[in-house]
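Dear colleague,

Please find the structure below, together with its sequence. My findings follow directly after it.

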Amino acid sequence: MKSHITVLCALLAGLMLAGCGTLTYDGGSVAHLDKNKTTILLPPFDNATNDEFAGVALTEITASALMAKDVQLYQTEDVRNRLGLPENAGDGSYSMLAKEVGAQYVLLGTVHEYRYKTDLDGDPAVGVTMRLVDVQDGRTVWQGTASDVGFINASVTSAAQVAAKDLVNRMPLNSHLK
């Protein structure tokens, strides 16, 4: 009986450890601008959390998800710094920049939760809202909110990937937006 318990414990420990690390690769290619593809200017997301890196983290995770959907991106952190735009530059500044670089849309985002919960489980929780704005007329053409709570061995990053991919998968990319 003792050997059965030992084997069962070893099996459970192995299953738990197998979930400790995950590798997700969503790549894109370094390609020239293709006028037949949706082109989005992606400024850093606003951060409404206590984690100072939440906005940057969700912006980068969203960029990976968009590139996996064959969307061409202009990311603006470096451009924003060079032009001296404030951190929360607003729709107008980004729309002007999008027109300059030839982007059709600006994707604005706000991270409203990015933490480990303080309950007994301490699971990661992530919440994000995204809004796609047409550069030509300034109207919002799509908006969505997603959240995810990880469990067991999940990290905040894996919960953020689920929330970002959920929103990107719901965007009408490369079909309705052209």
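Asp70 lies in the loop between α2 and β3 (72-75). The model is a predicted one, and in it the phi angle of Asp70 is near 70 degrees, a positive value in a residue other than glycine. Most residues other than glycine have a negative phi. Is Asp70 buried, partly exposed or exposed? Its relative accessibility is 39%, and Asp70 therefore counts as partly exposed, since that class lies between under 20% for buried and over 50% for exposed.

The secondary structure of the protein amounts to five helices and six strands. Read from the N terminus, the order of elements is α-β-β-α-β-α-α-β-β-β-α. The protein has 178 residues, of which 37% count as buried. Where contacts join residues at least 6 apart in sequence, 66% of them link residues at least 24 apart.

I then turned to the packing of two helices. Two packed helices are described by the angle between their axes and the distance between the axes. Helix α2 (residues 54-68) packs with helix α5 (residues 156-170) at an angle of about 50 degrees, and their axes are 9 Å apart. The two helices are therefore oblique to each other, and α2 passes α5 in a right-handed crossing. On the α2 side, the contact is made by Leu58, Ile61, Thr62, Ala65 and Leu66. On the α5 side, Thr157, Ala160, Gln161, Ala164, Lys165 and Val168 take part. Sorted by class, the contact of α2 with α5 comprises seven nonpolar, three polar and one charged residues.

Which residues touch the most other members of the largest nonpolar core? They are Leu58, Tyr114 and Met130, in a core of 30 residues. At least two residues of this core come from each of β1 (39-42), α2, β4 (105-116), β5 (124-134), β6 (140-149) and α5.

With kind regards

Notes:
Residues are numbered from 1 along each chain as its sequence is written. This is a predicted model: local features need pLDDT of at least 70, side-chain atom pairs count only at pLDDT 80 or more; totals for chains, interfaces and linings use all residues. Side-chain values use heavy atoms; hydrogens and water are left out. Axes are lines fitted to C-alpha atoms, for helices over the stretch in contact, and angles run from 0 to 180 degrees between N-to-C directions. Helices (H or I, at least four residues) and strands (E, at least two) are DSSP runs, numbered from the N terminus. Angles under 35 degrees count as roughly parallel, over 145 as roughly antiparallel, 65 to 115 as roughly perpendicular and the rest as oblique. A crossing is left-handed if the near helix is turned anticlockwise from the far one by less than a right angle, and right-handed if clockwise. Contact means heavy atoms within 4.5 Å. Ala, Val, Leu, Ile, Met, Phe, Trp, Tyr, Cys and Pro count as nonpolar, Asp, Glu, Lys and Arg as charged, and the others, Gly among them, as polar. A nonpolar core is a set of buried Ala, Val, Leu, Ile, Met, Phe, Trp, Tyr and Cys residues joined through side-chain atoms within 4.5 Å. Buried means under 20% relative accessible area, exposed over 50%, partly exposed in between (1.4 Å probe, protein chains only).
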